[in-house]
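Please read this report with the sequence and the structure open beside it, and look for each named residue as it comes up.

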Amino acid sequence: METVYKPNKRNILITLVGSSIFIILGIFFIIKPDYFASSYFSKSLGMLGKPISIQIFGFLGTMLFFLLSIGVLNIFFSNYALLITKKGFINNTSLTNAGLIHWKDVKHVKLNKGLIYIYVKNEKNYFSKIKNPLIKLNALIYNKTYKVSFVIDPKRLTVSENELFEIFKKHAKL
């Protein structure tokens with residue numbers, strides 16, 4: 001038995017449009033920092049209003065939203081965002097895919113602020129399976145930020161967060 005959850009294309013497109021706007025704004029910060037340095041806001045920001053600071057913010061913002069766009073495009077063009085089988089699940093809702101996560105390794109599932117937190121017994125084994133350095137870095141950042149093994153974002157799926165949470169509890173036998 002396999003259950004396939006498709007990505008919510010509407011929410012993903014909204015994220016892509018927002019990311020594109022911030023990428024363009026970041027590039028504008030890099031190319032025309034003097035325009036922003038002479039504005040009212042920069043005069044009240046002190047050092048942060050200097051052209052070099054504005055260029056640094058532009059570069060960091062452009063890179064951040066570019067990486068976000070890559071992750072979102074990956075979800076948009078994938079066949080599924082979440083695959084649930086008898087053995088486990090594969091999470092493509094973010095750039096943290098570690099392959100098949102076995103139900104027997106899931107020790108706790110938690111719903112918090114619209115996100116589903118998955119705690120597994122041997123998370124280091126799952127992280128070691130990730131070969132792509134960008135995905136591995138993202139998985140480790142999620143791990144440090146949320147203090148959780150894996151995070152599933154139901155807003156990127158065509159299923160409600162409560163329904164998905166109950167499915168996870170049932171399969172993990174929690």
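## Strand S6 and its partners

Tyr117 stands opposite Val151, a residue of strand S7. This pairing belongs to a predicted model, in which S6 and S7 (residues 150-152) are joined by 3 bridges and run antiparallel. On S6 there is also a pairing with strand S5 (residues 106-112), where 6 bridges join the two strands, again in an antiparallel arrangement. Within that pairing, Val109 is the residue that stands opposite Ile118 of S6. The strands S5 and S6 form a hairpin with 2 residues between them, and in the turn Lys113 has a positive phi of about 50°.

How many of the residues of strand S6 are buried? The strand, which covers residues 115-120, is mostly covered, and 6 of its 6 residues are buried. In a regular strand the side chains alternate between the two faces of the sheet. In S6 both faces are covered, with Leu115, Tyr117 and Tyr119 buried on one side and Ile116, Ile118 and Val120 buried on the other.

## Two buried loop residues

Pro154 is found in the loop between S7 and helix H7 (161-172). Because buried means under 20% relative accessible area, Pro154 counts as buried at 4% relative accessibility. Leaving aside its neighbours within four places in sequence, Pro154 is in contact with Gly114, Leu115 and Ile116, and also with Val159, Glu161 and Leu164. A residue 147 places away along the chain, Pro7, has its C-alpha atom 9.3 Å from the C-alpha atom of Pro154.

Thr93 sits in another loop, the one between strand S3 (88-91) and strand S4 (101-102). With a relative accessibility of 0%, Thr93 counts as buried. If residues up to four places away in sequence are not counted, Thr93 touches Ile75, Ala81, Val151, Ile152, Asp153, Arg156 and Leu157. One of these contacts, Val151, is the residue of S7 that stands opposite Tyr117.

An α-helix has 3.6 residues a turn, so residues three or four places apart point the same way. The length of H1 can be checked as well: at 1.5 Å a residue, its 23 residues should span 33 Å, and this agrees with its end C-alpha atoms, which are 33 Å apart.

A nonpolar surface patch of about 1000 Å² is made by Ile27, Ile30, Ile31, Ile52, Ile56, Phe59, Leu60, Met63, Phe66, Leu67, Ile70 and Leu134. The elements that give two or more residues to this patch are helix H1 (9-31) and helix H4 (51-77). H4 provides the largest share, 8 residues. One of the patch residues is Leu67, which lies in helix H4 and is partly exposed, with a relative accessible area of 36%.

## Salt bridges

Side chains of opposite charge can pair when their charged atoms come close. Counting a side-chain nitrogen of Lys or Arg within 4 Å of a carboxyl oxygen of Asp or Glu as a salt bridge, the count comes to 3 salt bridges. In one of them, Glu166 pairs with Lys169, and the closest N and O atoms are 3.5 Å apart. Glu166 and Lys169 are 3 residues apart in helix H7, which means that they are separated by about one helical turn. Glu166 is partly exposed, with a relative accessible area of 44%, and Lys169 is partly exposed as well, with a relative accessible area of 27%.

Salt bridges that share partners join Asp153, Lys155 and Arg156 into one network. The side chains of Lys155 and Asp153 meet at 3.3 Å, N to O, while the closest N and O atoms of Arg156 and Asp153 are 3.8 Å apart.

Conventions. Residues are numbered from 1 along each chain as its sequence is written. This is a predicted model: local features need pLDDT of at least 70, side-chain atom pairs count only at pLDDT 80 or more; totals for chains, interfaces and linings use all residues. Side-chain values use heavy atoms; hydrogens and water are left out. Patches are made of residues with over 30% relative accessible area and no salt bridge: like charges are joined within 9 Å, nonpolar side chains (Val, Leu, Ile, Met, Phe, Trp, Tyr) within 5 Å. Accessible areas come from the Shrake-Rupley method with a 1.4 Å probe; for residues, only the protein chains shown count as cover. Helices (H or I, at least four residues) and strands (E, at least two) are DSSP runs, numbered from the N terminus. Buried means under 20% relative accessible area, exposed over 50%, partly exposed in between (1.4 Å probe, protein chains only). The expected span of a helix is 1.5 Å times one less than its number of residues. Two strands pair if DSSP finds at least two bridges between them. Contact means heavy atoms within 4.5 Å.
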